[in-house]
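Here is a short report for a reader meeting this structure for the first time. Please look at the sequence and the model before reading on.

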Amino acid sequence: MYRGYYEYLQHPDPSFPVIFHHTTFAQENGGFIPHWHEAMELLYFISGSGTAFIDGASFRVKSGDLVVSGFGSMHSMQEIEANTKYICLILEPSLCELTGFQPEQLQISPHIHDRAAAVKIEHIGREFQHQQTHYKNAIKLEVAALLIHLMRYHASGSETQEKLSDSKTAMVKQVVALLQEEYRQPLSLPDLAARTGFSHYYLCHTFREVTGYSISKYLNMLRCNNAQKLLFSGWSVSEAALSCGFENLSYFTRMYKRCIGHAPSQDKQNPVKKPPTYGKMFHYT
């Protein structure tokens, strides 16, 4: 597994490897940058719309849709409308033992509109909310029922297309890993092409195909997200900019406004104890 934007999921209770939360994007044109993890992630859209990218496939999602990102899949969202609301359910591979499937066997279509699946997710949400006696065991059984339902009615198809997608996604993960490790340094597209062994055209074309973003746009979002964490920690605007690879302060401010939705001085003047729940979220105009 590459060391790039690999999201390490921390569970307060390792014996209960499920994460559940509601998310609302207040601003127009929000999203989160490409990332992956070993868990399966399901997003059920309650209202609003956006564009999902999963391992190179893209599709417009709206209210009532379910987006499924499999174990290790590169995924992101962009162009999310203001006030879009969705439920996020993240499932660790260990939960598969309840279904009788191995993680690699859980190949599910990434874009689904299925009211029965949505009802199961809503049931899981209510168990999380009320936390009655034995709610963790109840949630595990609900999750198993959900996965079996999705495999029964929405198993994915073509192995050839999946192999092609896997190859491209692996290349993008390699590039993301390099950007994650060296975003503080000056980086050029010719340099990235030379270091990864791909042509300039293939590198740029495939990165955009898989993620929905140009490499330069991704790099700016990555730098701004990390700069925001430094501002939350008490760094000055100029210190955060320089530390995250911005040599020009005015350019940093302009990019920060695009990616985060407001000026960096606002996060410096009104710091919070920790970054938002999902640091990968952004606003891009």
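## Two crossing helices

Helix α6 (residues 215-232) and helix α8 (residues 249-260) have axes that come within 9 Å and cross at roughly 95 degrees. Angles of 65 to 115 degrees count as roughly perpendicular, so α6 is roughly perpendicular to α8.

Which residues make the contact? From α6 come Asn220, Met221, Cys224, Asn225, Ala227, Gln228 and Leu231. From α8 come Tyr251, Phe252, Met255, Tyr256, Cys259 and Ile260. By type, the contact of α6 with α8 has 10 nonpolar residues, 3 polar and no charged.

## Confidence in the model

This is a predicted model. The protein chain has an average pLDDT of 86, and 87% of the residues score at least 70. Residues 273-280 have a pLDDT below 50. Beyond near neighbours in sequence, that stretch has 17 contacts in the model. Where pLDDT is low, the predicted coordinates should not be read in detail.

## The sheet and its helix

An open sheet is formed by 5 strands. Their order is β1-β8-β3-β6-β9, and the pairing is antiparallel. Strands β1 (18-25) and β9 (111-112) stand at the edges. Each has a single partner strand, so one side of each is left without a neighbour in the sheet.

How many bridges join β6 to β9? Strand β6 (residues 66-69) is joined to β9 by 2 bridges, and the two run antiparallel. Valine 67 has histidine 111 of β9 as its bridge partner. Helix α1 (residues 115-130) packs on the sheet. Helix α1 touches β1, β3 (40-47), β6 and β8 (84-91). The direction of α1 makes about 105 degrees with that of β1.

## Aromatic pairs

The count of aromatic pairs comes to 10. Take phenylalanine 20 and phenylalanine 128: their ring centres are 5.2 Å apart and their planes are at 10 degrees. Planes under 30 degrees apart count as stacked, so this pair is stacked.

The pair links distant parts of the chain. Phenylalanine 20 is in strand β1 and phenylalanine 128 is in helix α1, 108 residues apart.

## Positive phi in two loops

Most residues other than glycine have a negative phi. Asparagine 83 has a positive phi, near 65 degrees. Asparagine 83 lies in the loop between β7 (75-80) and β8.

Glutamine 131 also has a positive phi, of about 50 degrees, although it is not a glycine. Where does glutamine 131 lie? Its place is in the loop between α1 and α2 (135-154).

Key
Residues numbered from 1 in each chain as written. Predicted model: local features only at pLDDT ≥ 70, side-chain atom pairs only at ≥ 80, totals over all residues. Heavy atoms only, no water. Pairing = 2+ DSSP bridges. Helix = DSSP H or I, 4+ residues; strand = E, 2+ residues; numbered from the N terminus. Contact = heavy atoms within 4.5 Å. Axes fitted to C-alpha atoms, helices over the stretch in contact; angles between N-to-C directions. pLDDT = per-residue confidence, 0-100. Parallel < 35°, antiparallel > 145°, perpendicular 65-115°, else oblique. Nonpolar A, V, L, I, M, F, W, Y, C, P; charged D, E, K, R; others polar. Phe/Tyr/Trp six-rings, centres within 6.5 Å; stacked < 30°, edge-to-face > 60°.
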